[in-house]
Amino acid sequence: MGKLIILVLLIVYAGGVWKFWKGFQRTNFSRSLPNRLVLSLLWPVLLVANKSYRQNFTKALKG
């Protein structure tokens with residue numbers, strides 16, 4: 001059961017990275033590759049901690 005939960009969480013995380021990466025051009029963030037990479041990989045933390053990031057993350061997912 002624990003392995004299934006971990007697998008589901010990894011799939012959700014990877015899906016979030018993928019969707020944000022693909023929709024990054026719709027955000028207000030700088031278009032540099034390092035910026036795009038960091039913001040994509042840290043999406044769960046930033047989504048909880050930063051209102052501006054939440055708004056941009058929503059923009060990135062709409063597509």
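**Ground rules.** I number residues from 1 along each chain as its sequence is written. The model is predicted, so local features need pLDDT of at least 70 and side-chain atom pairs count only at pLDDT 80 or more, while totals for chains, interfaces and linings use all residues; side-chain values use heavy atoms, with hydrogens and water left out.

**Whole chain.** I looked up the secondary structure. I found four helices and zero strands (DSSP runs, numbered from the N terminus: helices are H or I with at least four residues, strands are E with at least two). The order along the sequence is α-α-α-α. The C-alpha trace spans about 40 × 25 × 20 Å along its principal axes.

**Surface and contacts.** The chain exposes about 4,600 Å², and carbon and sulfur atoms supply 72% of that area (Shrake-Rupley method, 1.4 Å probe). Of the 63 residues, 22% are buried (under 20% relative accessible area, 1.4 Å probe, protein chains only). I then checked contacts (heavy atoms within 4.5 Å). Of those between residues at least 6 apart in sequence, 50% join residues at least 24 apart.

**Thr 27.** Where does Thr 27 sit? I place Thr 27 in the loop between helix H1 (2-22) and helix H2 (33-41). Is Thr 27 buried or exposed? Thr 27 counts as buried because its relative accessible area is 4%. Its side chain reaches the backbone oxygen of Phe 24 at 2.7 Å. Leaving out residues up to four places away in sequence, I list Phe 20, Asn 56 and Ala 60 as residues that Thr 27 touches.

Terms used
Buried < 20%, exposed > 50% of the residue type's maximum accessible area, 1.4 Å probe, protein only. Polar contact = N/O pair within 3.5 Å; in protein donor to acceptor, adjacent residues only side chain to side chain.
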